[in-house]
Amino acid sequence: MLSNKRIILTLIAVLTVGLLATSLTAVATSHGDSEEHLSGKLEIFHWWAGSEGPAINALMDYFKEEHPDVEVINAAVTGGSGINAKAVLKTRLLGGNPPDNFQIHAGRELIGTWVTADRMADLTSLYKEQGWMDKFPQNIIDRVSTEEGIWSVPLTIHRSNVMWYVPDKLDEWGIEVPKTWDEFLEVAPQIQENGVVPLSVGTNWTARHLWESIALAELGPEKWRAMWDGEASVWTSDAMLESWKTMDEVLQYVNEDASSLSWQQATDMLINGEAAFNIMGDWAAGYMATVKNLTPKTGFGWAASPGTEGEFMWLSDSFGLPKGAPHRENAMAWLKLVGSQKGSDVFNPKKGSISPRLDSDISKYNEYSQSAANDFRNDTLVGSMRHGVVANEGFMNDMATVMEQFLKNRNPEQAMMMMEAIAKQNGII
Amino acid sequence: MNWRRHKDKFWALLTLFPSLALVGVFVYGFIGRTFFVSITDWGKGAALAENPTINVIGLGNYGQLFTGFLNARFRQSLVNAAFYSVLIIVGAIIVGLFLAILLDRQPAGESFFRTIFLYPMSLSFIVTGTIWRWLLSPGGGINRLPTFIGLPPLRFRWLSSEGSILTFNWQNLPFITGGIVAFVILTLAYRSWKSGQEKRAASMAGAALILVLWIAFGRGFTPKILPYPEEHGLNLATLGIILAAVWQYSGYTMAMFLAGLRGVSTDLREAAELDGANQFQYYTRVAIPMVKPVVLSAVIIMAHISLKMFSLIFAMTGPDNAETGHPAVLMYLKSFRANNFAVGAAIAVVLFLMASLFIVPYLVSAYRERRA
């Protein structure tokens, strides 16, 4: 009996001490947060690694110089376009353990998942205080906002609608860069006669990437914007059907082993002279320049994808502030750096993207990026579907099924109907 | 005496209670919870909110999965799952039996080979998948084997071919199932006719006839569930995955069969030999019929393993290759990539029912055996 009593007493003592300790730590952290001078920790959650690692490290180093007392925690989860990072992020937010800041594709991918779930903090006051409202293009601010607020700070800009080629090879085969898809379809049989694949494509997602370039050409920027703003008639319009018909015709001229190639392998076909053209985002420029050591313009060439001259389909990596971020002050300081001209120009030249700011210093960038930055300032801007600017995660996931079905049976009408249905299902129209 | 027995029972219950409670909550509680989630809409778009609004919508998610025209991928995955199960079970049993017979004849180095054959089972699916993805890559591994004897390399794309065989229209699934059922009934009718139960045979044949008539004339009256014809079948890209799974588990079935074959008494073998049976006859007429119960256990075990293909598929072809899809992969994508927890839960329940199709009859028969 006596020993039992003793055990119970010990238990109570341990529990009390434990509780006291936790509450004390809680007090300590909240105290640290309220101080003006920045100290404590800052956890930055992102998926940049490998060849993109130096860019984020440079930005973090810059932050440490400005705020030497802040301990920056680099919470990288690797995996292309955040495939693993997004899953980890979900478990952390659902588990009530949000990072201070996280990387997310700007636009509906963020809004459809986290803003509708009421997990993000409004950044409108930060935009106003920093004078960012006229530093970023209006189309970008529109796409990262809802009526309730502005939800993330864009750090990079990539372009989706780019057609790549090797200039010397085109000269050798005696073909010009097609300006429209009709021109492409005319020249494609001629390319095939040379034993070359006219257009290289990779796995399912690169086919969706190709479709958005074709759809932009068929629909034009006005209708493209309208359809994502909920204009139901566009989804079943003739132009929409035409985009799938063109897709069907273009697919006659792609490589047979598409479904087993990564986007890099599809780009390699171009470099090796096995394919004439490739539609891919401009991260392909970084791949060809740094990994394959090709010189922009001579080693590889680029043009807007057919029929989209003067239109810039953008996508962007951005940072948002989750509600309940443990070190909010530090997170705000990080966001200020992300949105600033300096931060942008420290990060982007190293990553191979361009700055979303209209006042960035173009001279710091390489030849491809300079040309892209010029287009970015002068062209009509539209958001990318495949990369989460105009479509939410649910739509993007279902679209993979639509494309799978289309690649199998090539029925344009069915593809259009399915697109309309998934748009309804995911609350777009 | 009476008190003593009660006391024993009391202690037994008390010691069992913790595990009963844990199993109750973490197995059956969560099964129930998953089923509940599957009949809701779980917050629609705002699935990740702190307190999502949850409306019970009945069996709508299931209806969408089986007949909604957006869920073609689920149906292909389901068809894949059936082919995976059948081919892996058949493959592992045939290869395992063959290896077991080889080892049963006690060749030199038998224990060495036994270890070698059994070894793949100790690997995880992720490791198997990674190894076989390399072996089956289009330009290397298996496809280069013929070049060692001077033949041109194979061109077969094990994991990425788009062709499929044995295709059928999903629209016709009720008729195809009806056809199979009619065939089974007819076989049974034939058997009862042979064993002299003519009345029973006649009624069975009648039922089969009704089914055949429905298949022949019912098509015109049955409403179309899908606006477009939807072809599903055995995708050739799944062959690579099946190959890897058979490789991994045939050693296991071999061990089961070997134990069975060793259990056949030597008297029987000697008797068979005295009667002039050769090795082939001994195995086909004596040994294999003796190990029939092992086949049943092997089928049950392989069947539920074949439903756990997630990691193998994930490692070999990735989550986005619908050609090789499996409901388990789709469940993951729906829940954690598209944030559609309700539909994910519905897929989980379908998988659970498929698993119980295999497990429940086994448990029932095992329980009966123990009572008998």
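Q: Which strand of chain A does β8(A) pair with over two bridges, and in what sense?
A: In this predicted model, β8(A) pairs with strand β10 of chain A, residues 275-279, and the pairing is antiparallel.

Q: What stands opposite A:M163 in β11(A), and what in β10(A)?
A: In β11(A) the residue opposite A:M163 is A:A303, while in β10(A) A:M163 faces A:I279.

Q: What order do the strands take in the open sheet of chain A?
A: The order is β7-β12-β14, three strands in all, and their pairing is mixed. Because β7 (158-159) and β14 (380-383) have a single partner strand each, they stand at the edges, and one side of each is left without a neighbour in the sheet.

Q: How many bridges join β12 to β14(A), and do they run parallel or antiparallel?
A: Strand β12, residues 311-315 of chain A, is joined to β14(A) by four bridges, and the two run parallel. Within that pairing, A:F312 stands opposite A:L381 of β14(A).

Q: Switching to A:A372, which helix is it in?
A: A:A372 belongs to helix α16 of chain A. With regard to A:F312, A:A372 is 60 residues away in sequence, yet the two C-alpha atoms are 8.9 Å apart in space.

Q: Is A:A372 buried or exposed?
A: A:A372 is buried, because 26 other C-beta atoms lie within 10 Å, and the cut-off for being buried is 20 or more.

Q: Which residues is A:A372 in contact with, leaving aside neighbours within four places in sequence?
A: Once those neighbours are set aside, A:A372 is in contact with A:R159, A:D282 and A:I354.

Q: How is chain A divided into domains?
A: Domain 1 of chain A takes residues 34-158 + 315-372, and domain 2 takes 160-314 + 377-425. Their C-alpha centres lie 28 Å apart.

Q: How many residues of each are in contact?
A: On the domain 1 side there are 21 residues, in contact with 24 residues of domain 2 of chain A. The elements giving two or more residues to the domain 1 side are α4, α6 (138-143) and α16 (367-378) of chain A, and the largest share of that side, four residues, is from α4(A). Sorted by class, the domain 1 side holds seven nonpolar, ten polar and four charged residues.

Q: What about the contact between the chains, how many residues does each give?
A: Chain A contributes 32 residues to the contact and chain B contributes 22 residues. On the chain A side, α3 (83-94), α4 (108-115), α9 (204-228), α17 (393-409) and α18 (412-425) each supply at least two residues, and α17(A) gives the most, with eight residues. That side of chain A has ten nonpolar, 15 polar and seven charged residues.

Q: What ipTM and pTM does the predictor give the complex?
A: The predictor gives an ipTM of 0.73 and a pTM of 0.81 for the complex. For chain B, the average pLDDT is 87, and 98% of the residues score at least 70.

Q: How many helices and strands does chain B have?
A: Chain B has 14 helices and two strands, and its C-alpha trace spans about 85 × 75 × 55 Å along the principal axes. Of its 372 residues, 30% count as buried.

Q: Which domains does the assignment give for chain B?
A: The assignment gives domain 1 (75-163 + 236-339) and domain 2 (170-220), and the C-alpha centres of these two domains of chain B lie 34 Å apart.

Q: Which residues have the most contacts inside the largest nonpolar core?
A: They are A:W164, B:L312 and B:I347, in a core that has 184 residues. Helix α3 of chain B, residues 72-104, provides the largest share of this core, 13 residues. A second, separate core has five residues, among them B:A182, B:A189, B:M204 and B:L211.

Q: And what does B:I347 touch, not counting residues up to four places away in sequence?
A: B:I347 touches B:L65, B:F74, B:P327, B:L330, B:M331 and B:K334 when those close in sequence are not counted.

Definitions and conventions. Residues numbered from 1 in each chain as written. Chains lettered and ligands numbered in written order. Predicted model: local features only at pLDDT ≥ 70, side-chain atom pairs only at ≥ 80, totals over all residues. Contact = placed C-beta atoms within 7 Å. Nonpolar A, V, L, I, M, F, W, Y, C, P; charged D, E, K, R; others polar. Buried ≥ 20, exposed ≤ 12 C-beta atoms within 10 Å, placed from the backbone. Domains from an automatic or database assignment. Core = buried A, V, L, I, M, F, W, Y, C linked by C-beta atoms within 7 Å. pLDDT = per-residue confidence, 0-100. Pairing = 2+ DSSP bridges.
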